[in-house]
Amino acid sequence: MIMTKFSLRNPIAIVILVLLVACGGVYSATKFKQESMPDIAIPYLFVTALYPGATPQEVQNEVAIPLERALRQVEGVQVLESTSASNVATVNMQFSFSADLQEKTAKVEEVLNGMQLPQGVEKPVLNKISFSSGPMMYASVTANAGTSLDELQTFVRKQVLPALEGVDGVGKVQTAGLASENLYIRLKADKMAERGVSFQQIGQVLQAVNVTLPVGTATFNQVNENVVVTGRVHSLDELKQLVVSAAPPVQLQDVADIVQGTTVPETISRVQGEPSVAVNIVKNGDANAVDVSERVMEKLNEVVQGNDRVRLDVIYDSADEIKKSVEGMAREGLLGALFASILILLFLRNVRATLIAIVSIPLSIAMSMTLLHFFTDVTLNIMTLGGMAVAVGRVVDDSIVVIENIVRRLQAEKASKELLLDATREVAAAITSSTLTTVAVFAPLGLVSGIVGKVFAPFALTVVFSLLSSLLVAVTVVPLLAYLLMRRTKVSHRDPETRLSRSYKRLLKWSLNHKTVVVLLSLVVLAGSFFLAPLAGTTFLPEQEQKYVMMTLTMPKGTDVRAVDEKVQGMDRKLRELGSVRLSQVTSGSPKGEFDPLTYTAGASNKATWIVGLDPSTDVTAYIQDRKRELAPLAEGATLDMQQLSGGPGGQGIYIIVTGPSMDAIREATTRITDAARQVEGTDSVRNTLLDELKSVEIKLRPGDALKYGLTTVQAWSLLRPLLNEEKVGKLGDGKRTNDIYLSVEGVAKQSLEDIAKLPLASPLGMIAVQDIADVKEVKQQSALQLRDGAEYATVLGNITDKNAGKVNADLQEKLKSLSLPEGTGYVLDGSNKQIQDMMSDMFLAMAVAVGMVYIVMVVAFGGGKAPFAILFSLPFAVTGALAGTLLAGEPISIASLIGMLMLIGIVVTNAIVLVDRVQQQVRAGETIRAALLEAGGTRLRPILMTAIATICALLPLALELGEGGALISKGLAVVVIGGLVTSTLLTLVIVPILYEALHYRRVRREKRRRPTLEL
């Protein structure tokens, strides 16, 4: 052992290295970026394009389909979906998780820049999402008594927003309830007719004044200077005085009202029922959430503190949850280390030996943090912290085996460097191979596709670095500390044959003589354990409870934001009166075309979203069920969705894709599937994208009549559009702030079909009415049209309220199989059902590969295949305890459970390796296989029990959820490892020796013939 020799010969160098590692760990811990979850980019790109005034069918034909056709050129697109609603199109491009999203983003932007969309379509906006795409903080500024809403908005606009926009790490400040500052030019139809000015004429003038054109250069005093022609206006007064007609001169203010801001808000925000301005903070992707939160709060307090006209409310701050997670996981790790230390002391009964063993915990964690900080880009989140908490129980194992062997040797021999070197050498092969096998099981995590592989990568890296660090500490620091602390200490001599070891040897001897009985009983227990799996149930990710609820009210399509706010006020009042609400913020409507990362769609005026902070003692699941019932009934056609606000990866519980040969067939199939899904127990808020119908006015042009008045279809459209819709015609800026200019026509009635039919149009042959060239009628149409890879489809959505999502999905599948659907239609269960199926297939593949890798490592370590093959038989019996632990804890089988089972493959064989390695040593020393098995069992019983129980003790705080914020990995993983370790350890001590002797039956037979007196 070169490293052990170096350590014993150079104690000062080792001490210095230990101090450097400790300092490096402390330094690294303070430099980690802190966040709730790893910031993983979801491999979706979303393109949103606004087409104001267009119907869903027009949006699909003129925007969505051309976008799909162009974006299909991007290499690597797996699925292309589009949703066309009134005024807006959203195209979703799905890539694989291995795709380079930056490269794909650049390619998509290149495609979008080269596209020519119809006049009136605003420039498409590209969005991508990650775990940090949404706001990290929901705050609100509310007016106190005596402060008007206008004063509040001025305060936010002129003081709050400028202060926040300069904060380091803030990527975007989203606001709601803040009136627009854009300029609105409302042309008066009667004044225009009186002055002989047309809408097109005014529009052309406004667009022209927003242009600056270069015309060449001029030389002044031998210096060339650029010459440009510009007609730009820079103030509201200049805009009002803009001449729109020269003969006679007509200024814009002569034919229009020009106002800044609008009386019809896009969003209305309320906190505790009072009007407010929501201020939501989105951080940069590479920023530290905790640091950004602290800087934002400092700025907000500076601006608001001492101002008695307004108050600040922070509804949700992810930094608070991150701090709780860090503190909770750190507490669980420390408690685990404490429990493991007490256990080691009870076994060794030597304070110095215990201190030497447990020094590996802080050292290994410090070394791991240093490696993670300098050689990876992982952050300090619940996955890395969970990896450290889980590793606490395992990092001490190698040191336990080494110090236990040293103590055992010191009971009979005098302390010396040679003895310590020899004692370490005896177990070095065993601890090296056992550590490498545990490390090897994490390599197949790379085979796990999708979000799971990305999320658990930091966890795997943390555990791997911790284990490798613990091996290095065990063969260097532990022998050195044993020499420094124990060379002059007399270790009390104890009989190596304890009552426990003698009882175990008797059991082992009986088992070796009755192999068939023991094996059959073990197989019966193993077979019976598989019946536990259906009882436990399955889900994708365990629930991570936070005391926040997100609630979404969806009114019928087209509902005005003020009507939504009116409904919201009553619901919000009742919500607060029912109790358990700490703070409630609700926002009605959303900015036009703004992408919503929660729904993956553009925002709409007919929705209201609550963020509700609950009292700490609230049962969130029960609260959601109660409030959904108590807040009903809603308005006709309205839906209410409530779900827990979670910081981790989630997914739509129910997501069914319905396809068919025609839209009518799809509609019928979707209706039947929706009704069937609602009848399945454990489902909630089941809805679909077809049942919303939108009333709209159709103006169907009569081409022949239009031509009589000198109008083509496009010309007629250009005359009608300004009468019914605001049109963006330019910008006005003073060098500091720029506002959009919108143009519309007023003074014409638009309250009924008759009014629209009588709208005046200025044709080349004089004034005419719409009804002279077109038919006007009210029609119903789908509120949203969807295409998936060019084919029409619909989706059925819903939540799953049962922890056992697998059972709900199975019941849903059975229900759907019994349906009679129109010919040619079909459906695909996506959402949580696909997530669970992918999770199971990926993880079972990873486990199979892990078993193979463990076997290869052991074959290399033992120099043969028989001993490793015997060791592998300890693995199946870990399943028994793992499933029993999951069932007893009331946890469904989730990705955390399967990661625990993957870990078990490495942990379980550790004990078997320690046992078999001693057997191999004794056989090489000349012992018979039977004698070697009995001797190794007695000698290695204590370290095997110590390592197993130490790991269990270290994981107990995780299993008992003594901390906060780690539910994503803690309980489900911990109960699997604890249960699996209990059964596998007990059976390893019997099954592995039986299999080892059975695999060497020829040699055993020869040894019996040579030594007939051998006690069998």
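**A strand and its surroundings**

Guide: Across the whole structure, a search finds 0 disulfides, a disulfide being a pair of cysteine sulfur atoms within 2.5 Å. The model is a predicted one, in which local features need pLDDT of at least 70 and side-chain atom pairs count only at pLDDT 80 or more, while totals for chains, interfaces and linings use all residues. Residues are numbered from 1 along each chain as its sequence is written, and side-chain values use heavy atoms, with hydrogens and water left out.

Strands (E, at least two residues) and helices (H or I, at least four) are DSSP runs, numbered from the N terminus. A residue is called buried under 20% relative accessible area, exposed over 50%, and partly exposed in between (1.4 Å probe, protein chains only).

E3 has two partners to consider, where strands pair if DSSP finds at least two bridges between them. Strand E2 (residues 79-85) runs antiparallel to E3 and is joined to it by 7 bridges. Within this pairing, serine 82 stands opposite valine 91. The hairpin of E2 and E3 has 2 residues between the strands, and there asparagine 87 takes a positive phi near 80°. Strand E1 (residues 41-50) also pairs with E3 in the antiparallel sense, over 7 bridges. Here phenylalanine 46 has asparagine 92 of E3 as its bridge partner.

Rings of Phe, Tyr and Trp (its six-membered ring) pair if their centres lie within 6.5 Å; planes under 30 degrees apart count as stacked, over 60 as edge-to-face and the rest as tilted. By this rule there are 4 aromatic pairs. In one of them, tyrosine 27 and phenylalanine 374 have ring centres 6.4 Å apart and planes at 15°, so the pair is stacked. Since tyrosine 27 lies in helix H2 (residues 11-31) and phenylalanine 374 in helix H13 (residues 360-375), this pair ties together parts that are 347 residues apart in sequence. Phenylalanine 46 itself pairs with tyrosine 44: the centres are 6.1 Å apart and the planes stand at 70°, so the arrangement is edge-to-face. Tyrosine 44 is partly exposed, with a relative accessible area of 22%, whereas phenylalanine 46 counts as buried at 1%. Elsewhere, ring pairs link Tyr138, Tyr316 and Tyr548 into a cluster.

For the wider setting, a nonpolar core is a set of buried Ala, Val, Leu, Ile, Met, Phe, Trp, Tyr and Cys residues joined through side-chain atoms within 4.5 Å. The largest such core has 175 residues, and Ile403, Phe459 and Ile656 have the most contacts inside it. Helix H16 (residues 450-486) gives the most to this core, contributing 20 residues. Another core lies apart from it and has 38 residues, among them Val197, Leu732, Ala757 and Val776.
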